[in-house]
Amino acid sequence: MTAYAAFGKAIHKVGGSSGDQDRASRQEERTLLAICAYPAVSKGDRLAKARYLLKIEARGELDLPEHIQALLLSTVSET
């Protein structure tokens, strides 16, 4: 989650080209999918993941079928 927050700061950096923004957008999507797919095992991890994803969803950014599929698969992961 720390990496995702740092990534968000980098996206908003002034002076980036459209190519930089496209690469940042793709990286942001991969990061969000990784968070969705993370199989949180401990109660603390589950709470942190849920709280974070609820914030993302409230901004309308958790909207792809891949997000939901990764999230659901993370709940049945046998780690």
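Which residues of helix α4 (residues 65-75) are buried? They are His67, Ala70 and Ser74, where buried means under 20% relative accessible area, exposed over 50% and partly exposed in between (1.4 Å probe, protein chains only). These three cover an arc of only 70° around the axis, so they lie on the same side of α4; the arc is that of the directions from the helix axis to the C-beta atoms. On the other side of α4 you will find Pro65, Leu72, Leu73 and Thr75 exposed. Helices here are DSSP runs (H or I, at least four residues), numbered from the N terminus.

A word on the model: it is predicted, with local features needing pLDDT of at least 70 and side-chain atom pairs counting only at pLDDT 80 or more, while totals for chains, interfaces and linings use all residues. Residues are numbered from 1 along each chain as its sequence is written, and side-chain values use heavy atoms, leaving out hydrogens and water.

Let's stay with Ser74 for a moment. Its relative accessible area is 9%, and, not counting residues up to four places away in sequence, Ser74 touches Cys36, Ala37, Tyr38, Pro39 and Lys49 (contact means heavy atoms within 4.5 Å).

Ala70 leads us to the largest nonpolar core, whose eight residues are Leu32, Ile35, Cys36, Tyr52, Leu53, Ile56, Leu62 and Ala70. Helices α2 (18-37) and α3 (43-58) each supply at least two residues of this core. Such a core is a set of buried Ala, Val, Leu, Ile, Met, Phe, Trp, Tyr and Cys residues joined through side-chain atoms within 4.5 Å.

Finally, Arg59 forms a salt bridge with Glu61, their closest N and O atoms being 3.0 Å apart. The rule asks for a side-chain nitrogen of Lys or Arg within 4 Å of a carboxyl oxygen of Asp or Glu, and the count comes to one. Glu61 is partly exposed, at 27% relative accessibility.
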